[in-house]
Amino acid sequence: MTEYPVTFTGTAGEYFRLWIVNVALTLLTLGIYLPWARVRTRQYFYGHTWLDGQNFEYRANPVALLRGYLLVGALFVAYSLSAQFEYYWLAGPLLLLYVGLYPWLVRQSLRFQAANTLHRGLPFGFGGTVRDSYVAYGVANVIGGIGGLFALPWAWFMQRRYQLDHVAYGTARGHFRGDVAPFYIIAVTAVGIAIGAGLLVLLPLAAVAFASFGRGALSVETLDPGTLLPALIVGYVAFILLYTVVWQYIRGATMKYVLDHGELGGVVRTRATFSSWRLVWIGVSNAVVTVLTLGLATPWAAIRRSRYVLEGIQVRAIAPLDDFAAGALQRESALGEAASELLDIQVGF
């Protein structure tokens with residue numbers, strides 16, 4: 001078996017120049033340039049990701065993306081305006097339309113992303129059916145929303161399995177060898193982090209709040225604004241940091257588990273050597289630095305995280321990667337991709 005490390009050659013300085021131009025042109029064109037910015041960004045990251053001496057490529061057509069952006073953006077604006085002006089006869093059907101189409105949009109996005117991702121000039125593919133998407137992203141989300149912690153990890157498992165079981169590279173089909181139990185362990189760990197860190201923050205704040213009421217008189221008149229206001233600010237910042245920690249942990253741990261249990265064509269497997277807790281630190285520190293620099297550190301943060309994740313991935317194969325036969329390249333609709341960007345559909349790790 002041969003092991004191929006993934007390397008990343010992007011730099012913060014290079015990406016900053018690309019990023020600042022994208023931001024400026026997007027603002028000057030009132031958002032019309034957004035598809036081109038998105039494609040250029042992905043082309044930069046894909047082009048600097050190397051495996052077995054070959055870099056990845058991203059060949060999406062920005063014009064196709066623009067059509068999807070305009071359609072989805074128009075629907076989103078119509079919903080926002082109708083909800084703001086209380087035209088519920090229009091807002092309700094639009095919301096139902098989005099909820100009903102969500103699984104289909106996710107599938108379209110996965111097909112579009114796969115068809116436009118290439119390695120050695122060979123495109124990836126995605127063969128998931130609409131029916132399976134409605135099970136993974138429709139039924140599972142509903143059950144996960146109702147069941148909370150008891151069902152949400154199962155929904156995560158169903159969605160990751162749907163993604164990996166239907167990805168293809170040439171004629172080789174992907175397969176997810178994972179089980180549902182580790183997703184419950186990730187969820188329980190995240191809840192433990194939230195409870196433990198929450199108590200560490202809430203207990204001192206509760207003590208400060210009681211002190212601000214004055215001795216023996218718990219009323220609004222006895223409040224000490226000079227003490228309570230800083231406590232509320234600290235509590236708000238602590239809540240944001242806690243949310244960031246929990247989310248980064250779930251994201252990192254899930255990605256590591258999926259990569260450790262993914263294979264392609266029965267002869268290629270992936271392995272993650274990065275630490276989920278290190279990813280938590282990178283995510284939290286990136287967020288803090290980005291806020292303190294008013295967003296100017298965004299390129300540095302993106303490069304920093306991508307380098308750590310990508311260089312912590314190993315690809316092991318029992319056959320040369322060149323042996324994969326080419327499959328047919330299909331041009332996919334950009335509507336799902338546009339929806340994933342504008343409506344923040346999370347279809348990745």
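Is Y184 buried, exposed or partly exposed, and what relative accessibility does Y184 have? In this predicted model, Y184 has 26% relative accessibility. Buried requires under 20%, and exposed requires over 50%. Y184 therefore counts as partly exposed.

Y184 sits in helix α7, which covers residues 181-212. Setting aside residues up to four places away in sequence, Y184 touches L149, F150, A151, P153 and W154. Take F150 from that list. F150 and Y184 are 34 residues apart along the chain, and their C-alpha atoms are separated by 8.2 Å.

Next, a helix pair. Helix α4 spans residues 88-115 and helix α5 spans residues 130-147. Their axes come within 8 Å and cross at roughly 125°. Angles of 65 to 115 degrees count as roughly perpendicular, and those over 145 as roughly antiparallel. The α4 and α5 pair is therefore oblique. The crossing of α4 past α5 is right-handed. On the α4 side, the contacting residues are G100, L101, Y102, P103, W104, V106 and R107. They meet V130, S133, Y134, Y137, G138 and N141 of α5. By class, this contact has eight nonpolar residues, four polar and one charged.

Now the nonpolar cores. The largest has 27 residues. Y15, L51, F274 and I313 have the most contacts inside it. Elements giving two or more residues to this core include strand β1 (2-8), helix α1 (12-28), helix α8 (225-260) and strand β10 (313-317). Consider I313. Beyond its neighbours within four places in sequence, I313 is in contact with Y4, P5, V6, L259, R271, T273 and F274. A second, separate core has 21 residues, among them F157, L242, Y249 and V280.

Key. Residues numbered from 1 in each chain as written. Predicted model: local features only at pLDDT ≥ 70, side-chain atom pairs only at ≥ 80, totals over all residues. Heavy atoms only, no water. Helix = DSSP H or I, 4+ residues; strand = E, 2+ residues; numbered from the N terminus. Buried < 20%, exposed > 50% of the residue type's maximum accessible area, 1.4 Å probe, protein only. Contact = heavy atoms within 4.5 Å. Axes fitted to C-alpha atoms, helices over the stretch in contact; angles between N-to-C directions. Parallel < 35°, antiparallel > 145°, perpendicular 65-115°, else oblique. Left-handed = near helix turned anticlockwise from the far one by under 90°. Nonpolar A, V, L, I, M, F, W, Y, C, P; charged D, E, K, R; others polar. Core = buried A, V, L, I, M, F, W, Y, C linked by side-chain atoms within 4.5 Å.
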